[in-house]
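The sequence and structure come first.

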Amino acid sequence: MARLNLRGTAARVRSAGRLRRVLACLGGFGIALGLLLRFYAAPALIVAPAGYYGQQSLSASRATYFDQKTFTTRKNARLTDVNTVRGDAAAATASTVTWDSYSYLRDPKRDETLSTTYERAVFDRRTGEMKDCCGAAVNDDPRIREYGVSGLFWPIGTGKTTYLLYDTNTERAWPAVYSGTAMVRGILTYKYVQRVPSTVVQKMPGIPMSLLGVPGASYNVTANRTFSSVNTFWVDPRTGVPVNIEEEVDSALTDPAGIGSRTMVRGDFRLSSSSQATLASMANVTAAEVGFLRVSGPAGGIGLGVVALLAAVAPWPRRRAPRS
């Protein structure tokens, strides 16, 4: 019976040794997996998607605009500004993405399009900084230099700071200043306000002074089309997704001497409720993915790995050998 007990004890020792080695391997694997998620997978995966597709709609309910078909000013009109963004996955690299953006401003009641804008934006996948290369253009003009942060993609982990944000209307970047926090769709957002001063965006020859409201004998001038706006963005700081947008737009036609003027477009545009809901859902899904890659995934892997390693090296209680 004593010989049988010695054999059983040796078998238990060998089994315990194998179990300790398995726990040690699992512990090392868990720690390595956690570190890989945090320092390799997270930086590689938390970036602007190459094949992104989305659409946003803003509307102004009491806008004023100049109807170029009838040469009259329409007031209290409802205007919509629809922006569609599609990522060009074939043009993406490890560090940059290329997104095509098409916007149109129209009066849906009269089925009249007031303006269209096409932008091909190339920017850094992590910071949103625009690149003046690789086919970047505004309205198919590659000579226009795009710089600053793209308004299509804010940095993930947006900070309480000022960003130089590119504006396609003036083809320049203007400061978007951090202005506090606000709850939007259940998300704590950072608010940024961008003030675009009155800027000449187009020279229009052959404009009669009578059209600009100047009485008396009419003569033609080369008028300046100006644009100004106050843009407000509510951005989810976890993901850089703008959950809400407002644009107070004022565009006018003036003569060089500043005697007469004609409002071209004026309105307070607000992001539609459906667009807000879509962006908020996108922000929450992206935040969960970012949180897993940066926090919960690495913490879980490292925590389980440490527990397994401690179990492998800790002394185990010995079983009493049964009496012969």
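Cys133 is partly exposed because its relative accessibility is 31%, and Cys134 is exposed because its value is 56%. Buried means under 20% relative accessible area, exposed over 50%, and partly exposed in between (1.4 Å probe, protein chains only). The structure has 0 disulfides, a disulfide being a pair of cysteine sulfur atoms within 2.5 Å.

The model is predicted: local features need pLDDT of at least 70, side-chain atom pairs count only at pLDDT 80 or more, and totals for chains, interfaces and linings use all residues. Residues are numbered from 1 along each chain as its sequence is written, and side-chain values use heavy atoms, with hydrogens and water left out.

Strands (E, at least two residues) are DSSP runs numbered from the N terminus; two of them pair if DSSP finds at least two bridges between them. The pairs below involve β7.

| Pair | Sense | Bridges | Residues between strands |
|---|---|---|---|
| β6 (residues 163-167) and β7 (residues 172-184) | antiparallel | 5 bridges | 4 residues |
| β7 and β8 (residues 187-208) | antiparallel | 7 bridges | 2 residues |

In the β6-β7 hairpin, Glu171 in the turn has a positive phi of about 60°, and Asp167 has Arg172 of β7 as its bridge partner. In the β7-β8 hairpin, Arg185 in the turn has a positive phi of about 55°, while Ala182 stands opposite Thr189 in β8.

Most residues other than glycine have a negative phi. Phe71, not a glycine, has a positive phi of about 55°. Phe71 lies in the loop between β1 (53-67) and β2 (72-87) and is exposed, because its relative accessibility is 54%. Asn139 has a positive phi near 50°; its place is the loop between β5 (137-138) and β6. Asn139 counts as partly exposed because its relative accessibility is 42%.
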